[in-house]
Amino acid sequence: MRVIIRETSSEASEYIADYIISRIKSCEPTEDRPFVLGLPTGSSPEKIYKTLVRRHRNGEISFRNVVTFNMDEYVGLPRDHPESYHSFMYKHFFSHVDIPPQNINILDGNAPDLAAECASFEARIARYGGIELFLGGVGPDGHIAFNEPGSSLTSRTRVKTLAYDTILANSRFFGNNMDHVPRRSLTVGIQTIMDAHEVVIVATGAHKALAVEKGLEGGVNHMWTLSALQLHPYALIVCDRDATLELKVKTVRYFESIEQSGTDARTQGPPLVYRPRTYVPVPVGVGKFHQRQNIPQIAPQKAPKDLRINTEFNPSMEDDELTPDSMSSRMVDSAIGGLDSTLKGDLFFDHMGSRVVSN
C-alpha cells in the first residue's frame, strides 16, 4: 500500500487531483477505449473536484473520453433534491467539465426494482472492462462508500441500511434533522471496489485518524472496511497530517521516508493496460438477478422531464463560485432532457440516474 502524507487537506486534495490527471493522460483514452473512473461524494472530495474543474478550464485535462461510475446514492431521495448525490455531482463536477452525458453512471435510488438497478450497474461496469481508478473517501468508522461496519468484504452493488453513526454524520446536510436523512442507500460493494485496477482514498481531518489507523495498522476486518485495501495490489491513501494522529510514529516516518527517497507514488501505479470489454466480475448475488443471464440488458426508465438540478454553489465557499454552463449547453431543457434521441442504442446508459462517485 502506498501512503502519501501532506500537511493540509488542501495539499492532499491537490495531490490527488494531480494524480488523477496524470493517470488519465498516461492512459491516452479514446472514445473506443475510455478511462473508467470511479467517483465519491461527500465533503472530502469537494476540493479535489474544484481542482479538477480549474485545471480543465485551464486546458490541462479533458474528460471527453472518461467514463464515470459513482459509488452510491440515497434510496427514495428525489434526484433533484439538493442533497441527492446526483445533485452533488452535477453541482461540483459534471456541469463544469466536458464529459459527455452518456459517459456518466449513477445509481438510481428511485428505481422500481432496486435489485435490478444494482445488477444493471455491475453489468455496465463489466461492459467497460472494469474500473481503472476508483477514488473514494472513508468515514470516521472506517467505511468506504456505504459499506458500513460489518459489510461483507466480498459484497457487490446492493441496497444497504445506513448505520446510526452515518445517519448522524449526514444529518448536517439535512438541517441537523436526523428524521430527514434517508435510512437506506444503494452502494457499490467492497468487492466492486477491489476489482478496480487501482484504488485511491482521501482521508483528511482528525476525525478520520482512527479509521486510518485501523485501515493501515490493524488487520483486515469487516468492521473497518477500509482495511480490505490491504489486500489490493495498487491501493493509495492520501491523507493530511491530522489524519495520521493515531498512527505510530514509526509508521508515519516509514511512508515519509519512502517519498523522501525519491519514490513518487505517481511512478508506482499499475501499468495502464487496456482491459477488453469482455471482462466480467464474479456473479452478482442480488435476489432473482444472481444469474448472469438475468442481468437487465436495458437502462432503467427515464426520469421525469421536469427534473431540475440546482447547481448553485453555497455562497459561503471561499473560492470563486463556478458557473455551470458546459453541461447545460449539451442537454435540452433539463438535466436529462433530450438524451433519448442522443443516446438511442447506447447500452446500459441510466440517463440522469446513472449520470452522477472520502476525508
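In the predicted model, strand E1 is joined to strand E10 (residues 235-240) by five bridges, and the two strands run parallel. Within this pair, Arg6 stands opposite Asp240 in E10. Both strands belong to an open sheet of seven strands, in which the order is E1-E10-E9-E6-E2-E3-E5 and the pairing is parallel. The edges of this sheet are formed by strand E1 (2-6) and strand E5 (104-105), each of which pairs on one side only. Strands of a sheet pair through backbone hydrogen bonds, in either a parallel or an antiparallel arrangement.

Six of the six residues of strand E9 (residues 198-203) are buried, so the strand is largely enclosed by the rest of the structure.

Strand E4 is joined to strand E8 (residues 184-187) by three bridges, the two strands running antiparallel, and Asp72 stands opposite Thr187 in E8.

Helix H4 is placed against strands of both sheets. On the seven-stranded sheet, H4 lies across strand E3 (66-70) and E5, running at about 155 degrees to E3.

The packing of helices H1 and H2 was examined next. The axes of helix H1 (residues 9-27) and helix H2 (residues 46-57) come within 8 Å and cross at roughly 50 degrees; H1 and H2 are therefore oblique to each other. The crossing in which H1 passes H2 is right-handed. On the H1 side, the contact is made by Ser9, Ser10, Ser13, Glu14, Ile16, Ala17, Asp18, Ile20 and Ile21, and on the H2 side by Lys47, Ile48, Thr51, Leu52, Arg54 and Arg55. Classified by residue type, the contact of H1 with H2 comprises six nonpolar, four polar and five charged residues.

Ser13, one of the residues of H1 that make this contact, is located in helix H1 and is buried, with a relative accessible area of 2%. When its neighbours within four places in sequence are left aside, Ser13 is in contact with Ser44, Lys47 and Ile48. The C-alpha atoms of Ser13 and Tyr49 are separated by 8.7 Å, although these residues lie 36 residues apart along the chain.

Helix H3 (residues 85-92) is mostly covered, with eight of its eight residues buried. The buried residues of H3 are Tyr85, His86, Ser87, Phe88, Met89, Tyr90, Lys91 and His92.

Backbone geometry was considered last. Most residues other than glycine have a negative phi. Glu28, although not a glycine, has a positive phi of about 50 degrees, and is found in the loop between H1 and strand E2 (35-39). At 64% relative accessibility, Glu28 counts as exposed, because the threshold for that class is over 50%. Ala145, which is also not a glycine, has a positive phi of about 55 degrees and is found in the loop between strand E6 (133-137) and E7. The relative accessibility of Ala145 is 8%, so Ala145 counts as buried, a class that requires a value under 20%.

Conventions: Residues numbered from 1 in each chain as written. Predicted model: local features only at pLDDT ≥ 70, side-chain atom pairs only at ≥ 80, totals over all residues. Heavy atoms only, no water. Axes fitted to C-alpha atoms, helices over the stretch in contact; angles between N-to-C directions. Helix = DSSP H or I, 4+ residues; strand = E, 2+ residues; numbered from the N terminus. Parallel < 35°, antiparallel > 145°, perpendicular 65-115°, else oblique. Left-handed = near helix turned anticlockwise from the far one by under 90°. Contact = heavy atoms within 4.5 Å. Nonpolar A, V, L, I, M, F, W, Y, C, P; charged D, E, K, R; others polar. Buried < 20%, exposed > 50% of the residue type's maximum accessible area, 1.4 Å probe, protein only. Pairing = 2+ DSSP bridges.
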